[in-house]
Amino acid sequence: MFCRDLKDTGFTFRGKTVKIRYQPIEFGKEEAFFHITCQDYKKDGDRVPDFRRCERIAWVRQFVEAADADASVEFEGSTYELKIWTERVKNDLRYHILCEELKFMVVVAERDRYCLLITAFYFEHDHSLRKKLEKYKEYKAKNASH
C-alpha cells in the first residue's frame, strides 16, 4: 500500500504534487516509509514497527485528498470532519490534518514547487490527542481575529 498509494502514484495537495522523503534509504526502504509505519519510542533513531500506523497506510492519501477538497473524510459509510491548521517549522509551512474521532493525523509540508509528506500517525494516548486539539483551537482563535 505504501508504494501504491504514496510512492508510485501522483496525488496533489494545494495544487502541488505530494512527494515522499527518500533519503536516507535503510534496508531498501525510503525515510518516509519508516515515518509512516514506525515509531521512535525512545527518540534515539531506533524505529519500531507500529501496527496501528501500518493498518492505516491507506488513510494517508485519503486524508490529504479530502483536506484538499472539502475537509471531511468518509470511512465505512460514516463521514468525519477534518481539523486542518498550519504551523511554521523552520522554513516549512506544515499542514496538520487531524480527524479527532479516528485519532489519526497526517502532516504535509508545503515547499515552493511541491508538498512533502512528513508523517502520519495514530494517537494511542488521549493526552497526545488533546495537545494537538489545543494547537488546533489556538490556530482557529488566532485566525478568527484576522
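**View 1. Phe63, Phe75 and Phe104 come together as one aromatic cluster.** Rings of Phe, Tyr and Trp (its six-membered ring) pair if their centres lie within 6.5 Å; planes under 30 degrees apart count as stacked, over 60 as edge-to-face and the rest as tilted. This is a predicted model, in which local features need pLDDT of at least 70 and side-chain atom pairs count only at pLDDT 80 or more, while totals for chains, interfaces and linings use all residues. Residues are numbered from 1 along each chain as its sequence is written, and side-chain values use heavy atoms, leaving out hydrogens and water. Both Phe63 and Phe104 are buried (under 20% relative accessible area; exposed is over 50% and partly exposed in between, with a 1.4 Å probe and protein chains only).

View 2. A search of the whole structure finds five aromatic pairs. Distant parts of the chain are linked here: Phe13 belongs to strand E1 (residues 12-13) and Tyr95 to strand E8, 82 residues apart. Phe13 is buried, at a relative accessible area of 0%, and Tyr95 counts as buried at 10%.

**View 3. Helix H5 spans residues 126-144.** Helices (H or I, at least four residues) and strands (E, at least two) are DSSP runs, numbered from the N terminus. Which residues of H5 are buried? They are Leu129, Leu133 and Tyr136, and they lie on the same side of H5 because they cover an arc of only 55° around the axis. On the other side, Arg130, Lys131, Glu138, Ala141 and Lys142 are exposed.

Terms used
The expected span of a helix is 1.5 Å times one less than its number of residues. The arc is that of the directions from the helix axis to the C-beta atoms.
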